[in-house]
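Thank you all for coming.

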Number of protein chains: 2
Amino acid sequence: MSPGTDPNLAAVVETTQGAYRVVVGQNILTMLPDEFSTAGLSGRAFLIADEALFPVAVRTVQETLEAAGIVTHVMTLPSGEQAKTLETMSHIYDWLASLRGERGDTLISLGGGVTGDMVGFAAATWLRGVAFIQIPTTLAAMVDASLGGKTAINLKTGKNLVGAFHQPRLVLSDLDLLKTLPERELRSGWAEAIKHGLILDHKLLEDMEANSDSLIALEGDTTAEIIRRSVAIKAKVVSADEFERGDSRILLNYGHTIGHAIEASTAYGTFLHGEAVAIGMGVAGRISVELGLISEELLERQEATLKRFGLPTRAPGLDTDELIERTKSDKKSRGGAVQWVLLDGPGHATIRRDVPELVVRTTVDGLVGV
Amino acid sequence: MSPGTDPNLAAVVETTQGAYRVVVGQNILTMLPDEFSTAGLSGRAFLIADEALFPVAVRTVQETLEAAGIVTHVMTLPSGEQAKTLETMSHIYDWLASLRGERGDTLISLGGGVTGDMVGFAAATWLRGVAFIQIPTTLAAMVDASLGGKTAINLKTGKNLVGAFHQPRLVLSDLDLLKTLPERELRSGWAEAIKHGLILDHKLLEDMEANSDSLIALEGDTTAEIIRRSVAIKAKVVSADEFERGDSRILLNYGHTIGHAIEASTAYGTFLHGEAVAIGMGVAGRISVELGLISEELLERQEATLKRFGLPTRAPGLDTDELIERTKSDKKSRGGAVQWVLLDGPGHATIRRDVPELVVRTTVDGLVGV
């Protein structure tokens with residue numbers, strides 16, 4: 001089916017492991033068995049879900065699959081970034097071993113970004129790789145984490161230090177799953193969509209500004225359309241740079257250099273990912289102004305949009321030295337230099353490896369440090 | 001350099017992750033820095049070695065790299081299959097984190113198949129994948145395990161259940177490293193080379209039979225040539241079927257269905273891998289005769305060759321039921337059916353998914369069971 005004939009199809013992502021469909025719409029969980037076949041899958045389904053989705057969503061997915069004759073086993077995982085460890089992975093492996101999961105079987109993630117990272121890593125490494133479906137249940141996962149094949153777990157020393165690129169065979173985002181999401185989770189999710197507009201699509205940014213009331217209220221058609229457009233942007237970037245070897249995929253890291261450092265220094269317990277990224281965009285935007293890349297006006301517009309969606313842009317009280325130290329151990333460091341993604345216009349970003357530490361320090365001090 | 005101009009070049013393996021050179025020869029560790037550059041590598045080296053190779057071989061490799069200006073960190077791993085666990089992997093990750101390993105750095109495995117599996121898996125999963133060099137130090141690793149990008153760790157419930165396909169950027173096999181290998185390890189190593197002859201290259205089998213004295217004595221030129229030819233066979237198979245999706249790569253599993261079951265049922269403590277595979281070839285060869293695929297004479301020839309190289313072909317006293325049960329949980333099962341690789345001529349093999357359990361049971365009973 002081409003995007004033209006299937007109104008729910010947001011993108012087809014091309015990868016070296018094959019192409020996969022990203023479907024976004026209202027009340028589309030019922031399409032799962034058909035999409036399962038369309039993706040070329042057969043065998044059993046191993047549904048691994050965030051325990052917060054038990055029993056309602058878990059049972060709905062299981063019953064939908066079983067009704068179509070797909071044998072489905074279910075396991076739940078503890079919620080939250082703290083559970084994204086080798087130890088949890090070990091439990092998943094033992095469960096798969098006890099049920100004799102085979103190479104022709106499929107792992108399905110039902111949950112947010114954390115669940116998707118773990119189930120994706122399990123799929124990447126079980127029997128050296130089995131098929132994998134993403135059913136994201138948070139806005140952040142729908143517009144960002146479920147796309148691009150990044151999977152990971154955390155070490156005590158850093159987030160996502162261990163992982164693999166393992167592409168899903170299907171991403172199915174049912175907006176109805178967002179209705180039970182806590183409001184703070186929902187707000188956090190808009191951060192990555194706003195980011196896509198800021199770095200790559202001025203029109204998307206404008207439309208999000210113009211429709212903010214409808215989006216915040218999750219009004220069906222408008223929300224689905226904006227999510228599909230945000231998905232299409234990320235899909236295009238990750239198709240062009242599957243393994244993050246070039247610079248284009250690194251652009252998606254806007255706001256993440258300080259964002260990751262903030263999450264790590266607060267032990268992933270204070271800020272949601274989108275909130276940390278919003279604060280990180282505040283820092284990166286300010287650095288962009290300091291280096292003369294963008295006007296003060298564009299930065300103010302970024303701040304206003306983030307605030308409109310209920311997102312913070314600063315967080316006084318953190319330790320500047322610790323944050324700066326943590327940016328240096330970021331995965332995307334090259335030869336010890338921090339790679340900063342900065343705005344250089346509305347809907348346009350650039351990568352800089354020569355940002356003076358004094359500029360970083362002053363900015364971090366002003367917005368998040370003490 | 002083409003194979004014609006470089007006498008040590010055994011093969012160039014083509015993969016979706018790029019091509020890599022397999023170099024086999026005497027006293028060639030000195031070529032490591034040049035090969036490092038030829039493979040397009042820069043950055044630091046993280047040398048992870050079997051502790052049995054400390055200090056002599058470890059220091060030689062480290063000094064060779066450092067003399068060429070490549071910063072080299074060293075870690076050792078406990079010897080043996082029992083250490084191939086998630087826990088050991090966790091130590092490797094912590095070590096890499098403490099030294100801030102970056103995406104542009106390279107992990108080097110110095111050891112046998114177990115070390116290569118672990119270091120390869122670490123390279124596959126550290127920062128979602130970094131470069132990896134194999135320096136195999138056992139015959140089994142040179143002719144088999146170092147090629148093809150399979151990496152893995154064991155679970156309590158089974159061997160190699162967790163892993164990834166991650167291709168090395170270079171395989172460098174220095175025959176001088178074999179000189180300190182225990183005789184039993186060396187004998188075990190010939191099993192896979194004999195297997196390559198049996199399933200795919202009748203001429204290699206004949207030449208190994210004719211030159212067995214020279215090979216057992218590790219006489220330089222003859223041994224290097226036979227290893228290069230064995231490497232070239234495996235390289236051709238894994239180039240054609242990188243992810244073991246087709247049948248051709250499964251042919252390499254000849255002797256492994258029962259071999260893996262024997263290793264697991266004896267807790268990896270009684271037989272070396274090559275010994276278990278030799279016994280497994282005894283079983284698979286006998287099944288081939290029972291199904292009328294090969295003559296009794298070819299089976300006798302297989303047995304004679306394995307014995308000539310000091311390898312067992314039977315192992316009475318094991319539990320038949322347990323072995324058969326274990327074959328069913330093999331990674332290569334499809335829809336619950338065991339896939340048997342059987343000989344159907346000298347230098348030729350076939351895959352059968354319909355071997356009657358009675359034939360398996362009778363054969364296993366006769367050769368290894370009680």
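This is a predicted model: local features need pLDDT of at least 70, side-chain atom pairs count only at pLDDT 80 or more; totals for chains, interfaces and linings use all residues.

**Where the two chains meet**

Between chain B and chain A there are 10 residue pairs in polar contact, both residues being at pLDDT 80 or more; a polar contact is a pair of N or O atoms within 3.5 Å, where within protein one must be able to donate a hydrogen and the other to accept it, and residues adjacent in sequence count only if both atoms are side-chain atoms. Strand 8 of chain B gives the most to the side of chain B that touches chain A, with 6 residues, where helices (H or I, at least four residues) and strands (E, at least two) are DSSP runs numbered from the N terminus.

Residues are numbered from 1 along each chain as its sequence is written, chains are lettered from A and ligands numbered from 1 in the order in which they are written, and side-chain values use heavy atoms, with hydrogens and water left out.

Staying with the interface, 35 residues of chain B are in contact with 35 residues of chain A, contact meaning heavy atoms within 4.5 Å. The area buried between the two chains is about 3,000 Å², of which carbon and sulfur atoms give 55%; buried area is the accessible area (1.4 Å probe) that two parts lose on being put together, summed over both. The rule also finds 4 salt bridges across this interface, a salt bridge being a side-chain nitrogen of Lys or Arg within 4 Å of a carboxyl oxygen of Asp or Glu. Glu244(B) forms a salt bridge with Arg103(A), with the closest N and O atoms 2.6 Å apart.

Let me turn to chain A by itself. Its domain assignment gives domain 1 (9-180) and domain 2 (184-199 + 246-367), with bounds that come from an automatic or database domain assignment. The contact takes 15 residues from domain 1 of chain A and 17 residues from domain 2 of chain A, and these two domains bury about 1,300 Å² between them. The count between them is 1 salt bridge, and Lys159(A) forms a salt bridge with Glu263(A), the closest N and O atoms being 3.2 Å apart. Strand 8 of chain A gives the most to the side of domain 1 that touches domain 2, with 5 residues.

How many residues of helix 10 of chain A are buried? Of the 10 residues in this helix (residues 256-265), 9 are buried, so helix 10 is largely enclosed by the rest of the structure; buried means under 20% relative accessible area, exposed over 50%, and partly exposed in between (1.4 Å probe, protein chains only). Glu263(A) is one of the buried residues, and what covers them includes strand 8 and helix 11 of chain A.

Finally, the cores. The largest nonpolar core has 74 residues, and Val368(B) is one of those with the most contacts inside it; a nonpolar core is a set of buried Ala, Val, Leu, Ile, Met, Phe, Trp, Tyr and Cys residues joined through side-chain atoms within 4.5 Å. Helix 11 (residues 273-290) of chain B gives the most to this core, with 9 residues. Not counting residues up to four places away in sequence, Val368(B) touches several residues, including Ile262(B), Ile279(B) and Val283(B).
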